[in-house]
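Subject: Structure handover

Hi,

My notes are below it.

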Amino acid sequence: MVASTDVLVEGRHFRTDWSSGYDVGRKAAAANLADVVAMGARPTALLVGLACPGELSVSWVEALADGLAAECALLHASVVGGDVVAAPVITVAVTALGDLQGRAPLTRSGASPGDRVIVTGVPGAAAGGLALLEAGRSDHPLVSAHRRPTPDYAAAQRIADGASAMIDVSDGLVADLGHVARASGVRIEIAAARLPMTPELDSAGRLLGVDPVVWALTGGDDHGFAATVPRPLDGSGVATIGAVLEVVPGESPGVVVIDADVPARTGHEHFPSPPSRSGS
């Protein structure tokens, strides 16, 4: 068995004026189910802890439950229990369980020099959707990627059979591939020009004056999948974006983008370091 847990907090991961209870349910389930699938397991069950104010409408909570159930149904899993407590803000804490069916878990530490790096979905779509909402452009179709991510579970399950390492992209592509690189002791090189783009992502970038490649490299919450594979992998929804190399003397394991500048903060940080101060 494998297990994973994730927490969504109102005001940090979602806003009730931007997302419905159903949206939050789908997002909370997807964040956990994707982790289980990324380990090569078949999701079986979710346990859900809900903390919320007493004045929260019953209809919102019912919609949350419907969203959780609908996302689980995509993988023939189900919500099997949980807890409800009073709290000042809505918090949804989900624990997911998965069955490895006798196989070894797929971890972050298996990448080897010579492997190819592949991704599913459109990295950066959720970050672009969030930026649009923050700019008051809720009419743009990309906002749905923030409200309700759509991991390609089928592609990930197909990839898992031949992958050496896999991770779901929750904190940003560079940041999450960095976890793989450090766990595997390798250097991962990716090419921004190979990242999958869509007309919606491009139009959002033009609208906000942002290069969408930045969202693709550093934006989280898509819950797509990044993997390393020893052999070419064909199929729809999968893009080859780079390669795994040996770490040469003087280097540390990590990720290098060969054709684009990467911001200093490569992904979401739950506890960012405060700015340094000079003097006493």
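This is a predicted model: local features need pLDDT of at least 70, side-chain atom pairs count only at pLDDT 80 or more; totals for chains, interfaces and linings use all residues.

Residues are numbered from 1 along each chain as its sequence is written, and side-chain values use heavy atoms, with hydrogens and water left out.

**Four-stranded sheet**

An open sheet of 4 strands runs in the order β1-β4-β2-β3, with mixed pairing. Its edge strands are β1 and β3 (78-86), each pairing on one side only. The twist averages 15° from one strand to the next. Helix α2 (residues 58-73) packs on this sheet and touches β2, β3 and β4. The direction of α2 makes about 165° with that of β2.

Some terms. Helices (H or I, at least four residues) and strands (E, at least two) are DSSP runs, numbered from the N terminus. Strands pair if DSSP finds at least two bridges between them. Contact means heavy atoms within 4.5 Å. Axes are lines fitted to C-alpha atoms, for helices over the stretch in contact, and angles run from 0 to 180 degrees between N-to-C directions.

The pairings are as follows:
- β1 (residues 2-9) and β4 run antiparallel, joined by 8 bridges. Ser4 sits opposite Ala96 in β4.
- β2 (residues 42-52) and β4 are antiparallel over 9 bridges. Leu47 has Thr95 of β4 as its bridge partner.
- β2 and β3 are parallel over 8 bridges. Gly49 stands opposite Asp83 in β3.

Side chains alternate along β4 (residues 91-99). Val92, Val94, Ala96 and Gly98 point to one face and are buried. Buried means under 20% relative accessible area, exposed over 50%, and partly exposed in between (1.4 Å probe, protein chains only).

**Six-stranded sheet**

There is also an open sheet of 6 strands, in the order β6-β8-β5-β9-β7-β10, again with mixed pairing. β6 (165-168) and β10 (254-257) are the edge strands, each pairing on one side only. Neighbouring strands of this sheet are turned by 25° against each other on average, direction ignored.

β7 (residues 187-190) and β9 (residues 238-245) run antiparallel, with 4 bridges between them. Ile188 has Val244 of β9 as its bridge partner.

Two helices to look at here:
- α1 (residues 21-38) packs on the sheet, touching β6 and β8 (225-229). Its direction makes about 180° with that of β6.
- α5 (residues 153-160) packs on the sheet, touching β5, β6, β8 and β9. Its direction makes about 20° with that of β8.

**Helix α6**

α6 (residues 173-184) has 12 residues. From first C-alpha to last it reaches 16 Å, close to the 16 Å expected at 1.5 Å a residue. That expected span is 1.5 Å times one less than the number of residues. 9 of the 12 residues are buried, so α6 is largely enclosed by the rest of the structure. Among them are Leu173, Asp176, Leu177 and Ser184. Just after α6, Gly185 takes a positive phi of about 70°.

**Pro123**

Pro123 lies in the loop between β5 (116-120) and α3 (125-134). Its relative accessibility is 6%, so Pro123 counts as buried. Leaving out residues up to four places away in sequence, Pro123 touches Pro196, Leu201, Ala216 and Asp222. Pro123 and Ala226 are 103 residues apart in sequence, yet 9.6 Å apart in space, C-alpha to C-alpha.

Best wishes
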